[in-house]
Amino acid sequence: MPGGYPPANVDNPQRAAQYGPQMDASPQDRQMSPLTELPLRAYTPRSQLRAAPTYVERAAVPAIDAHNHLGRWLTPDGAWMAPDVGRLVATMDECNVAAMVNLDGRMFELADNLARYDRRYPGRFLTFCQLDWSSLASGSGSRQLVADLTRAADAGARGVKVWKSLGLEYADAAGNLVLPDDERIEDVWATAGALGLPVLIHTADPVAFFDPLDASNERLEELSVHPDWWFGDRSRFPTFERLMDALESVVSRFPATTFIGAHVGCYAENLSWVDRMLTTYPNFNVDVGGRMAELGRQPRATRTLIERHPDRVVFGTDAYPVSARAFRNWFRFIETEDESFEYEPSYAIPPQGRWAVHALGVPDQLLEALYAGNARRLLGITDF
């Protein structure tokens with residue numbers, strides 16, 4: 001029965017119910033039997049769907065990539081993420097990307113990032129600082145952090161990047177993990193607000209990274225490649241829910257501070273939660289960086305979120321090293337109505353999950369705010 005299930009084995013109903021390649025000794029089954037031992041990572045199926053792609057060479061309006069990395073801390077050898085800044089700017093021009101936020105201004109190399117990007121190409125780059133939370137282990141509380149934050153603002157930092165390590169890595173003098181809602185760092189959030197520095201905060205990680213490592217974990221392949229990304233050990237890490245509660249607590253307690261929840265508010269798997277946060281807290285915003293895989297399997301819900309909160313969702317890619325190919329895939333995702341395409345076309349196996357994505361078809365009237373207008377307002381950009 002081509003295209004359907006094979007006929008039942010009337011001589012052995014039990015085996016028919018357990019139909020598999022080795023059900024009998026037919027030549028076809030003997031040929032298929034090696035596939036029963038095929039490792040999943042060796043399985044790279046080619047889609048037979050014939051859907052014409054829409055090529056989007058440039059963003060429909062000048063865009064700001066509000067979530068990217070241009071520093072040295074994420075490269076294997078400690079070199080600059082963009083070895084040729086002039087070539088980077090040319091790629092941005094080709095793709096109609098007017099400016100880019102660099103989140104890699106660690107305190108000890110903030111000046112280097114500012115000199116390399118912001119000062120050399122005024123208006124094209126905005127570097128955020130990263131605080132050294134390890135000072136919490138010294139017992140000094142937030143004093144050093146507040147001093148560093150003030151110094152970073154004076155030097156030209158345009159915001160604060162908080163990575164997931166706050167809540168998953170940094171501990172106090174007693175060895176206890178410090179979460180974002182810890183009372184000892186309240187001055188940091190208040191100072192950021194007073195200085196007019198938006199806080200782009202990445203709390204926790206994909207939900208599956210906190211789930212058991214078993215056959216039901218939808219990110220098992222990714223975690224097998226990056227075992228250090230698994231946070232399911234309850235003796236070492238808080239739950240995902242506890243970290244989300246910490247994020248909401250901080251946002252609610254510091255209404256004068258602007259927060260940008262990285263990666264769709266750090267909970268792209270649950271857009272109802274994100275919608276509630278955006279509805280409840282006027283100081284909360286989200287960027288879409290690094291979550292095309294999650295958003296693209298719920299395109300209608302994602303578009304609805306953007307339509308409900310047109311002034312609160314910010315464009316960002318988190319695609320590094322920067323490439324025209326990555327930009328154009330994002331533009332296709334946002335602007336077209338294409339169906340079933342790769343969210344990471346440079347990978348043979350989709351890194352975050354074995355599924356395709358579907359484009360959002362964001363209405364033209366919302367593109368300017370999503371691509372740039374919201375970022376201009378939040379970051380105080382007046383250059384364009």
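What percentage of the 384 residues of the chain count as buried? The share is 51%, where buried means under 20% relative accessible area, exposed over 50% and partly exposed in between, with a 1.4 Å probe and protein chains only. The model is predicted, so local features need pLDDT of at least 70 and side-chain atom pairs count only at pLDDT 80 or more, while totals for chains, interfaces and linings use all residues. Residues are numbered from 1 along each chain as its sequence is written, and side-chain values use heavy atoms, with hydrogens and water left out.

The chain contains 15 helices and eight strands, taken as DSSP runs numbered from the N terminus (helices H or I, at least four residues; strands E, at least two). Its radius of gyration, 24 Å, is close to the 21 Å given by the globule rule for 384 residues, so the chain is as compact as a globular protein of that length. The radius is taken over C-alpha atoms, and the rule is 2.2 Å times the number of residues to the power 0.38. The C-alpha trace spans about 80 × 50 × 45 Å along its principal axes. Among contacts (heavy atoms within 4.5 Å) with a separation of 6 or more, 73% join residues 24 or more positions apart.

By the criterion of cysteine sulfur atoms within 2.5 Å, the disulfide count is zero. The sulfur of C129 lies 17 Å from the closest cysteine sulfur, that of C266, which is too far for a bond. Both cysteines are buried: C129 has 0% relative accessibility, and C266 has a relative accessible area of 7%.

Backbone geometry was examined next. Most residues other than glycine have a negative phi, and most peptide bonds are trans. C266 has a positive phi of about 70 degrees although it is not a glycine, and this residue is placed in the loop between helix 10 (262–265) and helix 11 (271–280). A204, also not a glycine, has a positive phi near 60 degrees. This alanine, A204, is in the loop between strand 5 (199–201) and helix 8 (220–225) and is buried at 1% relative accessibility. Y320 and P321 are joined by a cis peptide bond with omega about -5 degrees; P321 belongs to the loop between strand 8 (313–314) and helix 14 (324–335).

F108 occupies the loop between strand 2 (97–106) and helix 4 (110–119). F108 is exposed, at 65% relative accessibility. Eleven residues separate F108 from V97 in sequence, and their C-alpha atoms are 28 Å apart.
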